[in-house]
Structure formats: structure tokens, C-alpha cells
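Q: Please take a close look at a single part of this model. I would like one connected account with the cut-offs spelled out.

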Amino acid sequence: HKLPVFIKSGAVLPMQQAKSNTQEKSVELILHIYHGADATSFNYFEDDGISFDYQKGDFNSREINYLPQDRKLIIGKAEGTYASTIQHLKIVFHHHSNNTVFINSVEKKLENKSHSFFSPLEKYDPINDPESMGEESVKWTETDYTLEPIEITW
């Protein structure tokens, strides 16, 4: 009744709340940042989720860089013509010791929260009452999501 989730140290996982289909638009992007020594870099890609208009350039892409030696995460400027529906950015730090971060040089206090990727599966097993599904203590904050660069330092 437990499902292990293995995540590499230094990973940055972009997530959104579950939707029933790709036509439902998200207003919040959640970035899970896992402490690690290795740098991570990738492109975060958005489009309408329903058409092939991305082939005509109707998308936006942002480079995301986790730089542990510099103690920062850089979300590059959005490039492309797609109008993002995302308005809020939630940043979740896993195995992070600081109590504050700076987002574009503005200090933000981190809040403590208990986090689990999955809810217990009690509805699937009427006999056994499951334990936690791997809850952990995380620190998080949120900010406005803009198409301009966002730099998070700690």
C-alpha cells in the first residue's frame, strides 16, 4: 500500500494541480526543488494543450537553472508568443535548511509544511488502514508568476 518515489538530488520538478483534460488551464506552477550538489538545467515548455499551433511558434519556453554552488535558481525570460495562464509560482524546497530566500532581491520567509505526493490508499484496501504515504517536512513560499526572469537565491 506504499508507492516509493525516487527523485535525484538536485532535481527541479515542475508540477501543476491535476486536471481532467488538457483544455483546463492552470493558474499555478509548482516547482519542487531538491537539494543537491549537481547543477540542473532544462526548458519549461507551455502551449495551449489542444492544437498543433506550437508548430507555428505559439508556445513559450523558459530555461530553468538550478545552481547549487551559487545557491540560486534562475527561471529565464519566457520566449515565444503563447499567452501563459499561469499567475502564481509556488516554490517547494526539499531538504533545505534556510528559513528565508530572496526572489528578485526581495526577502521571502519560508513556511514549513508537511508534504506527500500521494494520499493514503485506504479506499482501495477496506481491510488495512494504511500508514502515511511518505510524508516529509518541506519549506515553501509563493510569488507572482511573470514572464520576466525570476531569480531565487538563498
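A: Asn104 takes a positive phi near 50° in the hairpin of β8 and β9, which has two residues between the strands. Most residues other than glycine have a negative phi. Strands here are DSSP runs (E, at least two residues), numbered from the N terminus. The model is predicted: local features need pLDDT of at least 70, side-chain atom pairs count only at pLDDT 80 or more, and totals for chains, interfaces and linings use all residues. Residues are numbered from 1 along each chain as its sequence is written, and side-chain values use heavy atoms, with hydrogens and water left out.

Asn104 lies in the loop between β8 and β9 (106-109). With a relative accessible area of 40%, Asn104 is partly exposed. The classes are buried (under 20% relative accessible area), exposed (over 50%) and partly exposed in between, with a 1.4 Å probe and protein chains only.

Now the strands around this loop. β8 and β9 pair in the antiparallel sense over four bridges. Two strands pair if DSSP finds at least two bridges between them. β8 also pairs with strand β12 (residues 150-153), again in the antiparallel sense, over two bridges. Phe102 has a bridge partner in each of these strands: Glu107 in β9 and Thr153 in β12.

The side chains of β8 alternate. Val101 and Ile103 point to one face and are buried.

His95 is not a glycine, yet its phi is positive, near 60°. His95 is exposed, at 58% relative accessible area.

β7 leads on to an open sheet. Five strands form this sheet in the order β1-β2-β7-β11-β10, with mixed pairing. β1 (12-15) and β10 (111-115) stand at the edges with a single partner strand each, so one side of each is left without a neighbour in the sheet. Neighbouring strands of this sheet are turned by 30° against each other on average, direction ignored. The axes are lines fitted to C-alpha atoms, for helices over the stretch in contact, and angles run from 0 to 180 degrees between N-to-C directions. Within the sheet, six bridges join β7 to strand β11 (residues 136-144), and the two run antiparallel. Leu89 has Thr143 as its bridge partner in β11.
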